[in-house]
Amino acid sequence: MTEKVDPPQKLYTTMRLWEFPDQYLIEPTDGSSASFLAVSRLDGSMNLIDEIPQSNTVRVPKIQTIYGVVGMLKLLAGKKWTWGEKCGRVRPQRPYQKLVGIVALVGSYLLVITGRECVGSYLGHSIFKVTSLKVFPCDHSLKNFPEEQKKMESEFSRLLKVAERTPGLYFSYDVNMTLSAQRLNDLGDESKLLPLWRQADPRFLWNNYMLEVLIDNKVKFLDESYEYSNFFLGSFHFYIVVTELDIILMQLDPYLLPVIQGSFQNIQAAIGKEILDVALIARRCTRRTGTRMWRRGADSDGFVANFVETEQIIQINGHTASFIQVRGSMPFLWDQIVDLTYKPNFEIVKPEEAPRVAERHFLDLRKKYGNVLAVDLVNKVYMETIFVAQCRMPSSSRLQDHKNQYVGCEIAISSLTMFFRYLHFDFHKICGHVHFERLSILYEQIEDFLIKSRYFLLNEKGEKVETQGGVVRTNCIDCLDRTNVTQSMIARKMLEFQLRRLGIFEAEEMINLHPNFDGSFKILWANHGDEVSIQYSGTPALKGDFVRCGQRTIQGILNDGKNALMRYYLNNFADGTKQDASDLVQGHYIVSLSRSMTPTTKKGGIEALTSFPLALGVILIGFFFALLSLRRARHDLWSLLFSFMWASMSLAIAVCVRANGRIFCNRPRLHQPRR
């Protein structure tokens, strides 16, 4: 007989943050009579208290409204706790081990949501977008630390200011946004009663690493009570203590707010007398998150960059239908390190690892989604052009080696047909830059897979009628522009298929026969593509005018040119710092004494003098004086000589900058690019 589980407490929707000199106090203000969460400003330690303390200073505590606790980020410095051999007792979520060292947790940071906007509903529950995120430092203990540690902490604080501007964060107080409608439906009764953070899929939980401190706080309290009960009360009273403690610890759950990064769009449209609600949600995977040029390909575990799960959900006449697609970078180890060129060289890392990495990636997809159809939109001619540029000499054996590496990776991936079906569709060759309607050729090739894989469907009684048993995985180089155009086409076809199944559309009826709905649907997908693109590349998606208007436009082509130039600037001069901020908040870089106390390596030689703004300024000044001297060359031969000298100096510096382009770019300082 299954033990009855009480419903969990709801998440606090509004709270008041008190800034006392020695602590932050978070007070729920949504009508719940609960304990307050106190966070020490000395070291970030937390505990629950029942009342607001009296301030002993003349200064009045600063108060502001917050809408959620994202988590706590703790940086390690000083001596280090290490865990020795197991002690034979069970610690929740990990083996209980002996403590054989000391750790000094300093420079803790509390992240909270200070602004939100309701953007629609998902399965009947309100969805909010984070409009303002704020980091509160808990670093008073740094006053007594060496200057080196203070300098390091200052550097990390600067990165957290960048993290405050993270785009595309969404959350809900009532529904788990990390799970699709099908996975939510498949949860067992007891799982549905768990707190949202325990239901969450860690792949899509943006604040997973930052919530660990709060979760570990519960574990720590449980360990302390376990020790106390065994030593003082004996085994008979142990069960009573733990039961009471569990009730106390449940009070922390309403503070643990799951947040995803991605996109959420929502529209309502009338089809005849019926009202159709369409939601489009993107969930970005956190395993290999980052920026466009600094996170490419896969890692050794098969997790790929820019992996996004996109779910299209419709609700009409009590029915709910859902369809999922995924996108992700090409699943082998490759890089494209910025070097001031418009299209940096494509570098394959460890090509012999391609079969193993691809196999792990597609096995994971099969486990989670069922059958997989991998649609590759990459332009093969473009790939070979990159190799020519990389090898300098088109006829060299090195060029052939690199071509063989790419072909070998492609063959290795496409040969894993036991795990998935592979389809190459040269988007640029077939569709060019304006004829995107030719995507119908692709649809004809994948229609059988879509029909066989189906989609998730609940009838008006909430009973499961259909299950999606497969997924289309789409990729281009960036998995942004061509990918979004392709996914929007597939989503449109599946929506028409679903509406025919529900009796809303006739046998041959299509969305474009309903102009208002058609226009809203295009805008829905265009906004979705823009938001996903901004998170990875820093700009809206290219080719968005086709998704938004159904055709290419002059204004859209001009916007693509502007966004392409902006991508070039961000990739070369801004994304390195953004990548560091992402690695820090995601826990991909953990500060400890096992690493250097400074996140930067010492520069030597020409690298110590590299500054692109300075180099560009010297080049421009040189050309200015060259032109100025050239104007006087008619009357003074020395002016011609000086003009030649200034021009030569500028060209020499320009050639030097071009030859050493990588060290002039804004690079990540916490993680070095793999080789």
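Let's start with Arg-283 and Glu-311, which form a salt bridge with their closest N and O atoms 2.7 Å apart. The two residues come from distant parts of the chain: Arg-283 sits in strand S13 (residues 274-284) and Glu-311 in strand S14 (residues 308-316), 28 residues apart. Arg-283 has a relative accessible area of 0%, so it is buried. Glu-311 is buried as well, also with a relative accessible area of 0%. Keep in mind that this is a predicted model.

Now hop over to Glu-466 and Arg-501. Their salt bridge has its closest N and O atoms 2.6 Å apart. Glu-466 belongs to strand S21 (residues 464-466) and Arg-501 to helix H11 (residues 481-501), so this pair ties together parts that are 35 residues apart in sequence. What about burial here? Since buried means under 20% relative accessible area, Glu-466 counts as buried at 14%. Arg-501, at 38% relative accessibility, counts as partly exposed.

Next up are Arg-203 and Asp-201, whose side chains meet in a salt bridge at 3.0 Å, N to O. Arg-203 is buried, because its relative accessibility is 4%. Asp-201 has a relative accessible area of 6%, so it counts as buried too.

Side chains of opposite charge can pair when their charged atoms come close. In this model, Glu-155, Arg-158 and Arg-669 are linked in a network of salt bridges. If you want to keep exploring, a search of the whole structure turns up 28 salt bridges.

Key:
Residues are numbered from 1 along each chain as its sequence is written. This is a predicted model: local features need pLDDT of at least 70, side-chain atom pairs count only at pLDDT 80 or more; totals for chains, interfaces and linings use all residues. Side-chain values use heavy atoms; hydrogens and water are left out. A salt bridge is a side-chain nitrogen of Lys or Arg within 4 Å of a carboxyl oxygen of Asp or Glu. Buried means under 20% relative accessible area, exposed over 50%, partly exposed in between (1.4 Å probe, protein chains only). Helices (H or I, at least four residues) and strands (E, at least two) are DSSP runs, numbered from the N terminus.
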